[in-house]
Amino acid sequence: MALNDKQIKALKPTHKDQWLTDSKGLRLLVKPTGAKYWRLKYRFDGRQKTLAIGVYGTEEGQFSLKAARDKVDEARKHLNNGVDPNTLTKAKLRKAGVAGTTFADAAFAWWKVESPRWKPAHAARVWQRLKDNAFPNIGATSIEKVKPQQIITIFRAVEDRGSFDVAKRLLQDIGRVYMYAIPAYGDLVSSNPAADLNKITVKVPLQHRPALPPKLLGSFLRDLENYQGRLLTRLAMKLLVLTFVRVGELRRAEWVEFDIANATWTIPAHRMKMQRTHIVPLSRQALELLEALRPITGHRDYLFPSERGQGRPMSDNSLRKALQILGYHKDSIDPERPHAVPHGFRTTASTSLSEAKFRDEVIEMQLAHQDKNQTRAAYKHHAEYLDERLELMQWWANHCDAVQAGADVIPLFRKQLKRS
């Protein structure tokens with residue numbers, strides 16, 4: 001059955017490539033990214049071949065359904081005259097030279113297809129990264145002539161100025177441009193010169209984020225109780241301390257993720273750094289905090305919505321700013337209030353739990369750290385060590401209460417850690 005524009009616009013991407021057939025060998029390839037490409041399937045000299053017509057769309061340089069069918073008719077005329085349309089397309093692209101076939105042009109075509117799926121700020125960052133780092137070197141080079149060594153040179157130049165993360169992301173961007181160009185430009189581009197270059201990356205120097213020393217946890221919690229800012233910010237900071245999850249995981253926490261009856265918070269894989277579902281056992285203190293929070297935001301999706309509304313979570317800067325207001329900023333000269341950042345509470349908790357003699361593998365599991373053994377990590381279940389992790393989380397909450405009340409530490413009496 002022939003395609004129509006309404007049907008094409010309504011197509012939704014899936015986890016794998018989709019192929020839809022029109023007529024006269026015209027097919028539409030729908031990628032998991034949502035990008036749609038026209039292809040013509042034909043035979044020449046007894047061999048099955050494919051002609052890449054272009055990207056589906058109505059903008060300049062793209063092909064509507066009618067335009068794609070016109071290209072098919074044109075290609076069929078060449079075939080009737082004994083001419084392979086792929087040869088003509090390749091020759092035409094090469095003849096165009098810099099105009100229309102440069103790396104910069106291909107990058108822009110890729111960016112136009114992908115950027116609608118991204119947040120505007122992210123789209124702008126990706127384009128600026130290519131523009132600042134790749135285009136000065138290979139932007140005017142024909143897309144098929146870029147060599148791996150050129151990409152390595154670009155990568156090393158970014159690394160040499162200490163921008164390790166930018167270098168890594170730039171390499172990924174270039175590779176994605178070529179993954180777009182291979183199907184989009186047919187025989188002109190047959191390989192990805194950035195493939196396998198991830199092996200050249202160097203290990204980024206580990207940068208520890210400023211963390212609150214465990215001995216100052218009690219005084220910090222007392223400071224937090226007296227915080228005069230937004231109530232939701234104070235409650236978010238307290239829940240962050242009690243659960244020591246990553247800040248992004250807390251900010252985007254949704255009420256549907258919490259099972260109060262079973263005292264667990266299940267963070268879905270797509271919100272986790274390691275892309276694995278993570279269970280956070282909830283202590284009695286965490287449950288009490290949630291009970292106090294529910295009348296305030298229980299009718300919303302997020303536990304901690306943005307004060308600006310619009311269905312967004314609390315901003316990334318809210319907790320950091322609260323710490324600064326409390327005096328825990330980088331310019332602090334008060335030894336009782338050293339520089340600390342929200343992410344650092346993971347270190348504070350980890351240190352205290354190690355001193356309390358909890359097993360390292362249990363602590364690491366609750367921190368949702370990446371297992372260095374990749375095979376073991378692949379089979380690790382999100383509920384592993386759950387009983388011990390429940391015990392760990394209740395001990396930590398009890399410890400926070402004790403030091404806030406002025407005690408130094410509380411001993412680890414495992415049989416006394418019941419929630420009641």
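This is a predicted model: local features need pLDDT of at least 70, side-chain atom pairs count only at pLDDT 80 or more; totals for chains, interfaces and linings use all residues.
Reader: Which strands stand at the edges, and why is one side of each left without a neighbour?
Author: The open sheet has three strands in the order E5-E6-E7, with antiparallel pairing (to pair, two strands need at least two bridges found by DSSP). The edge strands each have a single partner, so one side of each has no neighbour in the sheet: they are E5 (258-259) and E7 (278-281).

Reader: In the hairpin of E3 and E4, which residue takes a positive phi?
Author: E3 and strand E4 (residues 47-55) pair in the antiparallel sense over eight bridges, and phenylalanine 44 sits opposite arginine 47 in E4. The hairpin has two residues between the strands, and the one with a positive phi near 55° is aspartate 45.

Reader: How many residues of H10 are buried?
Author: Buried means under 20% relative accessible area, against over 50% for exposed and in between for partly exposed (1.4 Å probe, protein chains only). Phe220 and Asp223 are among the buried ones, and their helix's cover includes helix H11 (231-243) and helix H18 (386-404). H10 (residues 217-225) is mostly covered, the buried count being seven of its nine residues.

Reader: Is H10 roughly parallel or antiparallel to H11?
Author: Their axes, lines fitted to C-alpha atoms over the stretch in contact (heavy atoms within 4.5 Å), are compared by the angle between N-to-C directions, from 0 to 180 degrees. H10 and H11 pack at about 155°, axes 10 Å apart. Under 35 degrees is roughly parallel, 65 to 115 roughly perpendicular, over 145 roughly antiparallel and the rest oblique. That makes H10, relative to H11, roughly antiparallel.

Reader: Which residues in H11 does H10 meet?
Author: H10 brings Leu217, Phe220, Leu221, Leu224 and Glu225 to this contact. Those five meet Arg234, Met237, Lys238 and Val241.

Technical notes
Residues are numbered from 1 along each chain as its sequence is written. Side-chain values use heavy atoms; hydrogens and water are left out. Helices (H or I, at least four residues) and strands (E, at least two) are DSSP runs, numbered from the N terminus.
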